[in-house]
Amino acid sequence: MNTKVSSRVLSLLVAAALIAALPVLAAEQQLPAAAPSDLVATALVAPVDGPSLATEREAVRFSWNLPADQGLAAPAPFVADSRAYWIRVDASELAAGIELPITAADSLVRLQPVGSSPEAAAIDPMDLVITAPGQTEALSNGNGLDLVVDAEKLSAAGLPFAAGTSAFRFSDSGSGSYALAAPALAGAKGSYLVHVQEPNSAVALSLGADRGAYLHGETLQARLSLSGASLQGAEVFVTSPAGRVLPASVISQQGTLLAQVLLDAREPLTPGLWEVHAVARGEVKGLETLRHARTAFSVAVPTARLAPTVSLEQRVSRQGVPSVRVTVEVETIASGRYEVRGVLYGTDANGVRQPLAAAATAQWMNAGSEQTELRFERRVFRDTDLGAPFELRDLQLRDQSRMALVESRAAGLVVAD
């Protein structure tokens, strides 16, 4: 018999025997009940036909160390704080004159043509006519204005404003209702966005959703409150990446307003985030004022979910170095590339759990059920003082083909006691 072949076979047999002799701790666990902040689908929903963003079929799997002295926490939902408002007007309305409520000094006004139509030309602030609060004399030719910047200057400065945008600031420091007119637009067509930013105002609108990510069929809840003014009313609506508008219902609750809208994400795949918009009307010292705010969030069609049973396995090498494998089953309703990731915590000398490593795996899955593994290899355990018991937290499932987070669970699974 060939000596080289015999040696190779013998080596493989010895290696297999050594691996089999390593201590193994294995167990199956049920995923914990979903917490209010978790993202968990109760049923799968087929996506609307559309392009797929990820078609790579090769599976990838990796793990990496995390600094144990940096605790991991889910980011709090963003709360927008706005001291601005904007109104859309036709050229004829702006030519005749509009009223702008101003509540503080140094407020900045931007005039922007809306759309790509050449009918809405850039407005030169020097052509504006203004009447300050309590005054009867109208001012023109730049009088009453400060920090005048026309569209050409803004474009030359490379600032990220739409083409044709111009800006100015009222030169006096008063507050009240300003009359603003652009007589040069008489007979013109098109429309304009008039954006008022009041950084020094005490009137502020806050708006925040209760989560940063949702699934199709869930109800968005967003809270809004107006400070510095008496709230007279509010309107809230949601826009999708495809441009659809979903109106929200608004109710008063515990001193704030609660907006709710049922999220319908069945639309062609369009990159981008959803947005919730709020328009609040208030009154301060007899002056009616406006505030607009918006904030973004994601909405995913639940094309996949994790099966309730998870298999956890810990092996220890002959040198005492552990490795951990987590096997999960993914149920899918649509073929695509799916990613599973999680964070492994270890225990320090004081019995406190600390983040040790993260792992991720991504592969193509056909509709149905398939298993995949998170592998925390031995190398991530070699330069750490953290040991067993280990705990898996922050388990996530992502649909890479549609760039969507479809499941997220913060609660942990103990790998070994």
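The second largest pocket of this predicted model has a volume of about 590 Å³, a pocket being an open set of points on a 1 Å grid over the protein atoms alone, with protein on both sides within 12 Å along at least five of seven lines; the volume is the space filled by probe spheres set on the points, which are joined across faces, edges and corners. Of the 30 residues lining the second largest pocket (those with an atom within 4 Å of a point), Leu 269, Thr 270, Val 299, Arg 402 and Ala 404 are the closest to its centre. Strand 20 (287–300) and strand 28 each give two or more residues to this lining, strands being DSSP runs (E, at least two residues) numbered from the N terminus. The lining comprises 18 nonpolar, eight polar and four charged residues, where Ala, Val, Leu, Ile, Met, Phe, Trp, Tyr, Cys and Pro count as nonpolar, Asp, Glu, Lys and Arg as charged, and the others, Gly among them, as polar.

The largest pocket, with a volume of about 810 Å³, is lined by 28 residues, and Ala 74, Pro 75, Gln 396, Leu 405 and Ser 408 lie nearest its centre.

Two cavities of 30 Å³ or more are present, a cavity being a set of points where a 1.4 Å probe fits but cannot get out. The second largest cavity holds about 30 Å³ of space, and strand 27 supplies the largest share of its lining, four residues.

Residues are numbered from 1 along each chain as its sequence is written. Local features need pLDDT of at least 70 and side-chain atom pairs count only at pLDDT 80 or more, whereas totals for chains, interfaces and linings use all residues, and side-chain values use heavy atoms, with hydrogens and water left out.
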